[in-house]
Amino acid sequence: MDSQVVVALALSLLGGLSTSIGALFVIINQAPNLKMLGLLQGFAAGLMLSISFLDLAHNAINAIGFLKGNLWFFAGVIFFAVVANFIPEPTVAPSSDVKSKKKNGDEGGKDIMKKHRRQVLFSGIVTAIGISLHNFPEGMAVFLGSMKGLRVGLNLALAIALHNIPEGVAVALPVYFATQSKWQAFKLATLSGFAEPLGVIIVAYLFPSSLSPEILEGLLGSVGGVMAFLTLHEMLPLAFDYAGAEASCQGCVFWDGFHVC
(Lines give C-alpha, C1' and ligand atoms only; values in the text may rest on other atoms or scores of the structure.)
Protein backbone atom coordinates (compact mmCIF):
# COMPACT_ATOMS: atom_id res chain seq x y z
CA MET A 1 0.00 0.00 0.00
CA ASP A 2 1.27 3.47 -0.95
CA SER A 3 2.76 5.49 1.92
CA GLN A 4 0.42 8.42 1.19
CA VAL A 5 -2.58 6.12 1.63
CA VAL A 6 -1.17 4.81 4.93
CA VAL A 7 -0.65 8.35 6.24
CA ALA A 8 -4.14 9.40 5.12
CA LEU A 9 -5.63 6.30 6.77
CA ALA A 10 -3.87 7.08 10.04
CA LEU A 11 -5.05 10.71 9.95
CA SER A 12 -8.62 9.73 9.10
CA LEU A 13 -8.63 7.23 11.98
CA LEU A 14 -7.56 10.09 14.28
CA GLY A 15 -10.48 12.14 13.02
CA GLY A 16 -13.07 9.38 12.78
CA LEU A 17 -12.41 7.71 16.11
CA SER A 18 -12.77 10.99 17.99
CA THR A 19 -16.47 10.06 18.07
CA SER A 20 -15.30 7.65 20.78
CA ILE A 21 -14.20 10.64 22.86
CA GLY A 22 -17.73 12.02 22.54
CA ALA A 23 -19.08 8.68 23.74
CA LEU A 24 -16.77 8.84 26.76
CA PHE A 25 -18.29 12.23 27.65
CA VAL A 26 -21.66 10.47 27.89
CA ILE A 27 -20.40 7.36 29.70
CA ILE A 28 -18.47 9.30 32.34
CA ASN A 29 -21.10 11.99 32.79
CA GLN A 30 -24.66 11.58 31.47
CA ALA A 31 -25.04 15.38 31.23
CA PRO A 32 -22.11 16.37 28.98
CA ASN A 33 -20.54 19.80 29.37
CA LEU A 34 -22.10 21.51 26.38
CA LYS A 35 -20.06 24.69 26.86
CA MET A 36 -16.84 22.71 26.50
CA LEU A 37 -18.19 21.04 23.37
CA GLY A 38 -19.09 24.47 22.02
CA LEU A 39 -15.58 25.78 22.65
CA LEU A 40 -14.12 22.77 20.84
CA GLN A 41 -16.39 23.57 17.90
CA GLY A 42 -15.19 27.18 17.95
CA PHE A 43 -11.54 26.07 17.89
CA ALA A 44 -12.26 23.60 15.08
CA ALA A 45 -14.15 26.25 13.09
CA GLY A 46 -11.21 28.66 13.24
CA LEU A 47 -8.76 26.00 12.16
CA MET A 48 -11.08 24.80 9.39
CA LEU A 49 -11.70 28.30 7.97
CA SER A 50 -7.99 29.09 7.92
CA ILE A 51 -7.26 25.83 6.08
CA SER A 52 -10.12 26.40 3.62
CA PHE A 53 -9.30 29.98 2.64
CA LEU A 54 -5.61 30.51 3.46
CA ASP A 55 -4.35 27.12 2.26
CA LEU A 56 -6.63 25.20 -0.08
CA ALA A 57 -8.61 27.90 -1.92
CA HIS A 58 -5.63 30.31 -2.00
CA ASN A 59 -3.29 27.68 -3.47
CA ALA A 60 -5.89 26.53 -6.01
CA ILE A 61 -6.41 30.11 -7.26
CA ASN A 62 -2.65 30.66 -7.52
CA ALA A 63 -2.10 27.36 -9.33
CA ILE A 64 -4.99 27.23 -11.82
CA GLY A 65 -6.28 30.79 -11.95
CA PHE A 66 -8.95 32.88 -10.24
CA LEU A 67 -11.92 31.63 -12.29
CA LYS A 68 -11.10 27.91 -12.25
CA GLY A 69 -10.07 28.01 -8.59
CA ASN A 70 -13.39 29.59 -7.58
CA LEU A 71 -15.39 27.19 -9.77
CA TRP A 72 -13.76 24.21 -8.05
CA PHE A 73 -14.24 25.81 -4.63
CA PHE A 74 -17.97 26.46 -5.12
CA ALA A 75 -18.41 23.01 -6.68
CA GLY A 76 -17.27 21.64 -3.32
CA VAL A 77 -19.71 23.94 -1.50
CA ILE A 78 -22.64 22.77 -3.67
CA PHE A 79 -21.63 19.10 -3.39
CA PHE A 80 -21.58 19.12 0.41
CA ALA A 81 -24.74 21.26 0.58
CA VAL A 82 -26.56 18.55 -1.39
CA VAL A 83 -25.10 15.82 0.84
CA ALA A 84 -26.09 17.73 4.01
CA ASN A 85 -29.63 18.21 2.69
CA PHE A 86 -30.24 14.44 2.65
CA ILE A 87 -28.56 13.63 5.98
CA PRO A 88 -30.31 14.26 9.32
CA GLU A 89 -28.41 16.70 11.50
CA PRO A 90 -27.04 15.19 14.75
CA THR A 91 -28.31 16.94 17.87
CA VAL A 92 -27.34 16.54 21.51
CA ALA A 93 -30.92 16.29 22.71
CA PRO A 94 -31.58 17.26 26.31
CA SER A 95 -32.92 14.42 28.41
CA SER A 96 -34.81 16.53 30.95
CA ASP A 97 -38.19 15.76 29.41
CA VAL A 98 -37.30 12.07 29.40
CA LYS A 99 -36.37 12.14 33.08
CA SER A 100 -39.58 13.96 33.98
CA LYS A 101 -41.59 11.29 32.21
CA LYS A 102 -39.69 8.64 34.11
CA LYS A 103 -40.50 10.31 37.44
CA ASN A 104 -44.17 10.45 36.53
CA GLY A 105 -44.14 6.89 35.22
CA ASP A 106 -47.04 5.85 37.46
CA GLU A 107 -49.41 7.83 35.26
CA GLY A 108 -48.38 6.31 31.96
CA GLY A 109 -47.03 2.99 33.12
CA LYS A 110 -43.98 1.02 32.07
CA ASP A 111 -45.30 0.40 28.55
CA ILE A 112 -45.02 4.09 27.70
CA MET A 113 -41.44 4.17 28.96
CA LYS A 114 -40.57 1.09 26.88
CA LYS A 115 -42.08 2.70 23.80
CA HIS A 116 -40.21 5.91 24.51
CA ARG A 117 -36.94 4.02 24.90
CA ARG A 118 -37.50 2.30 21.55
CA GLN A 119 -38.12 5.68 19.89
CA VAL A 120 -34.98 7.17 21.46
CA LEU A 121 -32.91 4.12 20.42
CA PHE A 122 -34.21 4.44 16.85
CA SER A 123 -33.24 8.13 16.80
CA GLY A 124 -29.74 7.19 18.00
CA ILE A 125 -29.36 4.59 15.25
CA VAL A 126 -30.59 7.02 12.59
CA THR A 127 -28.15 9.62 13.90
CA ALA A 128 -25.29 7.07 13.72
CA ILE A 129 -26.16 6.26 10.09
CA GLY A 130 -26.38 9.94 9.25
CA ILE A 131 -23.03 10.70 10.85
CA SER A 132 -21.44 7.76 9.01
CA LEU A 133 -22.64 9.17 5.68
CA HIS A 134 -21.53 12.59 6.83
CA ASN A 135 -18.02 11.34 7.72
CA PHE A 136 -17.47 9.62 4.38
CA PRO A 137 -16.67 12.80 2.35
CA GLU A 138 -14.59 14.05 5.28
CA GLY A 139 -12.35 10.99 4.85
CA MET A 140 -12.03 11.84 1.16
CA ALA A 141 -11.03 15.39 2.13
CA VAL A 142 -8.32 14.14 4.49
CA PHE A 143 -6.89 11.89 1.75
CA LEU A 144 -6.75 14.70 -0.81
CA GLY A 145 -5.27 17.05 1.80
CA SER A 146 -2.58 14.47 2.61
CA MET A 147 -1.66 14.33 -1.08
CA LYS A 148 -0.91 18.06 -0.86
CA GLY A 149 1.29 17.62 2.19
CA LEU A 150 1.43 16.22 5.71
CA ARG A 151 0.75 19.63 7.31
CA VAL A 152 -2.48 20.16 5.37
CA GLY A 153 -3.65 16.60 6.06
CA LEU A 154 -2.80 16.85 9.76
CA ASN A 155 -4.59 20.19 10.17
CA LEU A 156 -7.68 18.84 8.43
CA ALA A 157 -7.67 15.69 10.56
CA LEU A 158 -7.32 17.74 13.77
CA ALA A 159 -10.19 20.07 12.85
CA ILE A 160 -12.43 17.14 11.87
CA ALA A 161 -11.51 15.32 15.10
CA LEU A 162 -12.66 18.29 17.19
CA HIS A 163 -15.83 18.49 15.10
CA ASN A 164 -16.57 14.77 15.57
CA ILE A 165 -16.57 14.82 19.39
CA PRO A 166 -20.10 16.32 19.68
CA GLU A 167 -21.25 13.91 16.97
CA GLY A 168 -20.11 11.02 19.19
CA VAL A 169 -22.16 12.55 22.02
CA ALA A 170 -25.17 12.82 19.70
CA VAL A 171 -24.99 9.08 18.97
CA ALA A 172 -24.09 7.80 22.43
CA LEU A 173 -26.57 9.84 24.47
CA PRO A 174 -29.83 8.36 23.07
CA VAL A 175 -28.34 4.85 22.82
CA TYR A 176 -27.18 4.94 26.43
CA PHE A 177 -30.58 6.19 27.61
CA ALA A 178 -32.46 3.54 25.63
CA THR A 179 -30.27 0.52 26.39
CA GLN A 180 -28.67 1.54 29.73
CA SER A 181 -25.52 -0.06 28.28
CA LYS A 182 -22.29 1.93 28.27
CA TRP A 183 -20.71 -0.59 25.90
CA GLN A 184 -23.52 -0.32 23.32
CA ALA A 185 -23.35 3.49 23.41
CA PHE A 186 -19.57 3.48 23.03
CA LYS A 187 -19.62 0.83 20.30
CA LEU A 188 -22.20 2.56 18.08
CA ALA A 189 -20.54 5.96 18.44
CA THR A 190 -17.16 4.45 17.54
CA LEU A 191 -18.51 2.56 14.55
CA SER A 192 -20.06 5.74 13.15
CA GLY A 193 -16.52 7.17 12.86
CA PHE A 194 -15.20 4.28 10.75
CA ALA A 195 -16.82 5.76 7.64
CA GLU A 196 -13.96 8.25 7.54
CA PRO A 197 -11.11 5.78 6.87
CA LEU A 198 -13.49 3.94 4.54
CA GLY A 199 -13.74 7.16 2.52
CA VAL A 200 -9.94 7.24 2.33
CA ILE A 201 -9.74 3.65 1.04
CA ILE A 202 -12.37 4.20 -1.64
CA VAL A 203 -11.02 7.51 -2.91
CA ALA A 204 -7.46 6.10 -2.92
CA TYR A 205 -8.53 3.50 -5.48
CA LEU A 206 -10.91 5.80 -7.37
CA PHE A 207 -8.27 8.38 -8.23
CA PRO A 208 -5.07 7.37 -9.99
CA SER A 209 -1.80 8.25 -8.26
CA SER A 210 -0.70 10.12 -11.40
CA LEU A 211 -3.33 12.88 -11.25
CA SER A 212 -2.36 16.00 -13.17
CA PRO A 213 -1.31 18.91 -10.92
CA GLU A 214 -4.20 21.03 -12.25
CA ILE A 215 -6.86 18.44 -11.33
CA LEU A 216 -5.25 17.84 -7.94
CA GLU A 217 -5.26 21.57 -7.14
CA GLY A 218 -8.87 21.79 -8.33
CA LEU A 219 -9.91 18.89 -6.11
CA LEU A 220 -8.13 20.49 -3.16
CA GLY A 221 -9.99 23.71 -3.93
CA SER A 222 -13.23 21.69 -3.77
CA VAL A 223 -12.12 20.28 -0.42
CA GLY A 224 -11.74 23.89 0.73
CA GLY A 225 -15.33 24.54 -0.34
CA VAL A 226 -16.54 21.45 1.53
CA MET A 227 -14.70 22.50 4.69
CA ALA A 228 -15.96 26.10 4.47
CA PHE A 229 -19.57 24.96 4.10
CA LEU A 230 -19.19 22.46 6.95
CA THR A 231 -17.80 25.20 9.19
CA LEU A 232 -20.41 27.86 8.46
CA HIS A 233 -23.38 25.49 8.23
CA GLU A 234 -22.63 23.22 11.22
CA MET A 235 -19.63 24.08 13.37
CA LEU A 236 -20.22 27.76 14.14
CA PRO A 237 -24.01 27.48 14.72
CA LEU A 238 -23.37 24.55 17.07
CA ALA A 239 -20.64 26.48 18.87
CA PHE A 240 -22.94 29.50 19.27
CA ASP A 241 -25.70 27.29 20.69
CA TYR A 242 -23.47 25.55 23.23
CA ALA A 243 -20.86 28.14 24.26
CA GLY A 244 -22.34 31.47 23.17
CA ALA A 245 -21.23 33.76 20.36
CA GLU A 246 -18.45 35.55 22.29
CA ALA A 247 -16.61 32.45 23.56
CA SER A 248 -17.03 30.68 20.20
CA CYS A 249 -15.62 33.64 18.27
CA GLN A 250 -12.68 33.88 20.68
CA GLY A 251 -11.86 30.22 20.03
CA CYS A 252 -12.27 30.72 16.30
CA VAL A 253 -10.00 33.80 16.21
CA PHE A 254 -7.42 32.03 18.41
CA TRP A 255 -7.00 29.24 15.88
CA ASP A 256 -6.97 31.64 12.91
CA GLY A 257 -4.26 33.72 14.57
CA PHE A 258 -2.27 30.63 15.52
CA HIS A 259 -2.46 29.27 11.97
CA VAL A 260 -1.40 32.59 10.38
CA CYS A 261 1.55 32.86 12.77
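These legends walk through several close-up views of a predicted model.

**View 1**
Let's start with the overall inventory: the protein chain has 12 helices and zero strands, where helices are DSSP runs of H or I with at least four residues, strands are E runs of at least two, and numbering starts at the N terminus. Of its 261 residues, 51% count as buried; here buried means under 20% relative accessible area, exposed means over 50%, and partly exposed lies in between, using a 1.4 Å probe and protein chains only. The chain exposes about 12600 Å², with carbon and sulfur atoms supplying 69% of that area, as computed by the Shrake-Rupley method with a 1.4 Å probe. Take the contacts between residues at least 6 apart in sequence: 87% of them join residues at least 24 apart, a contact being heavy atoms within 4.5 Å. Because this is a predicted model, local features need pLDDT of at least 70 and side-chain atom pairs count only at pLDDT 80 or more, while totals for chains, interfaces and linings use all residues. Residues are numbered from 1 along each chain as its sequence is written, and side-chain values use heavy atoms, leaving out hydrogens and water.

**View 1. Helix α3 packs against helix α11.**
Two packed helices are described by the angle between their axes and the distance between the axes. For α3 (residues 34-64) and α11 (residues 213-243), the angle is about 155° and the axes lie 7 Å apart; axes are lines fitted to C-alpha atoms, for helices over the stretch in contact, with angles running from 0 to 180 degrees between N-to-C directions. The pair is therefore roughly antiparallel, a label for angles over 145 degrees, with under 35 called roughly parallel, 65 to 115 roughly perpendicular and the rest oblique. The α3 and α11 crossing is left-handed, meaning that the near helix is turned anticlockwise from the far one by less than a right angle, whereas clockwise would be right-handed. The residues of this contact comprise 24 nonpolar, nine polar and three charged; Ala, Val, Leu, Ile, Met, Phe, Trp, Tyr, Cys and Pro count as nonpolar, Asp, Glu, Lys and Arg as charged, and the others, Gly among them, as polar.

**View 2. Two residues of α11 come into focus.**
Thr231 sits in helix α11 and is buried, with a relative accessible area of 0%. Setting aside residues up to four places away in sequence, Thr231 touches Ala45, Met48, Leu49, Leu236 and Pro237. Glu217 also has its place in α11 and is buried, at a relative accessible area of 13%. With the same exclusion of residues up to four places away, Glu217 touches Asn59, Ala60, Ala63, Ile64 and Lys148.

**View 3. Helix α3 meets helix α4.**
The axes of α3 and α4 (residues 66-85) come within 6 Å and cross at roughly 135°. That makes α3 oblique to α4, and the crossing is right-handed. On the α3 side you will find Ser52, Phe53, Ala57, Ala60, Ile61 and Ile64, meeting Phe66, Lys68, Gly69, Asn70, Trp72 and Phe73 of α4. By class, the α3 and α4 contact has eight nonpolar, three polar and one charged residues.

**View 4. Helix α1 lies against helix α10.**
Helix α1 (residues 3-16) and helix α10 (residues 195-206) pack at about 155°, with axes 7 Å apart. They are therefore roughly antiparallel, and α1 passes α10 in a right-handed crossing. From α1 come Val5, Ala8, Leu9, Ser12, Leu13, Gly15 and Gly16, and from α10 come Glu196, Pro197, Val200, Ile201 and Ala204. The α1 and α10 contact divides into eight nonpolar, three polar and one charged residues.

**View 5. Leu156 is a buried residue of α8.**
Leu156 belongs to helix α8 and has a relative accessible area of 0%, so it is buried. Its contacts, not counting residues up to four places away in sequence, are Met48, Ile51, Ala141, Val142, Gly145, Val223 and Met227. Leu156 and Ala44 are 112 residues apart in sequence, yet 9.4 Å apart in space, C-alpha to C-alpha.

Gly244 is in the loop between α11 and α12 (245-260) and is partly exposed, with a relative accessible area of 26%. Gln180 is in the loop between α8 (150-179) and α9 (182-192). Phi of Gln180 is near 60°, a positive value in a residue other than glycine.
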